[in-house]
Amino acid sequence: MTNFTDEVHYKPSLEDMTIQPMEIDHARQICEWQYESPYDLYHWPAWDTMQKDEIEFGDPVLRRMQYAAVVNRDRELIGFAQFFPIVGVTRLGLGLHPALCGRGIGPGFLRLLIREALRRAPQNSIDLEVLTWNTRAIRAYERAGFAIEDTYVRPTPQGPAEFHCMVYQSTL
């Protein structure tokens, strides 16, 4: 895997990113990602635990149906997405490699995921949830065409937290 932290100017364009099925090797890598505080709450459990307990992409059926890997042109994992189906809505879950966060990649990354969500379910609207304190992500989502439509408190593994529901407003 490329050490993205050594590549100060590394910024993949939309053409440099590809969505592909999430493989076990991708899942293992994601479980090893370490985000800096306060984003460290986005850490996943160890891969062995996720697989044993069939948590999220540790469940092979859920991984195949809802999850995808995002790779660069060298086939290195740079992020992932979940396309969670709700009646009439595709809810996006996503993660970007920690070394790539805060580099302005978010809007292009989101546009790729929007295209895939529309390909999978063109009749659905697209939304996502984001913690209200995560202004870095909110700015990226707004630049990609999302707008805050609702704010609410819901449970998380760390206790109740306030979220925005952001809905995709633009067309590609």
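Begin with the seven strands, which form an open sheet of mixed pairing in the order S1-S2-S3-S4-S5-S7-S6. Strands are DSSP runs of E with at least two residues, helices are runs of H or I with at least four, and both are numbered from the N terminus; two strands pair if DSSP finds at least two bridges between them. This is a predicted model, in which local features need pLDDT of at least 70 and side-chain atom pairs count only at pLDDT 80 or more, while totals for chains, interfaces and linings use all residues. Residues are numbered from 1 along each chain as its sequence is written, and side-chain values use heavy atoms, with hydrogens and water left out.

Select next the edge strands, S1 (18-21) and S6 (146-154), each of which pairs on one side only. From one strand to the next, the twist averages 30°. Strand S7 (residues 161-168) pairs with S6 in the antiparallel sense over eight bridges. Within this pair, Val153 stands opposite Glu162 in S7.

Proceed to helix H1 (residues 24-32), which packs on the sheet and touches S1, strand S2 (67-71) and strand S3 (77-86); contact means heavy atoms within 4.5 Å. The direction of H1 makes about 105° with that of S3, where axes are lines fitted to C-alpha atoms, for helices over the stretch in contact, and angles run from 0 to 180 degrees between N-to-C directions. His26, Ala27, Gln29, Ile30 and Cys31 are the buried residues of H1, buried being under 20% relative accessible area (1.4 Å probe, protein chains only). Their cover includes S1, helix H2 (47-53), S2 and S3.

Finally, display the largest pocket, with a volume of about 1,400 Å³. A pocket is an open set of points on a 1 Å grid over the protein atoms alone, where a 1.4 Å probe fits, with protein on both sides within 12 Å along at least five of seven lines; lining residues have an atom within 4 Å of a point. The volume is the space filled by probe spheres set on the points, which are joined across faces, edges and corners. Of the 47 lining residues, select Leu41, Tyr42, Gly93, Leu94 and Glu129, the closest to the centre of the pocket. S3, S4, helix H4 (106-120), S5, H5 and S7 each supply at least two residues of this lining.

Methods
Buried < 20%, exposed > 50% of the residue type's maximum accessible area, 1.4 Å probe, protein only.
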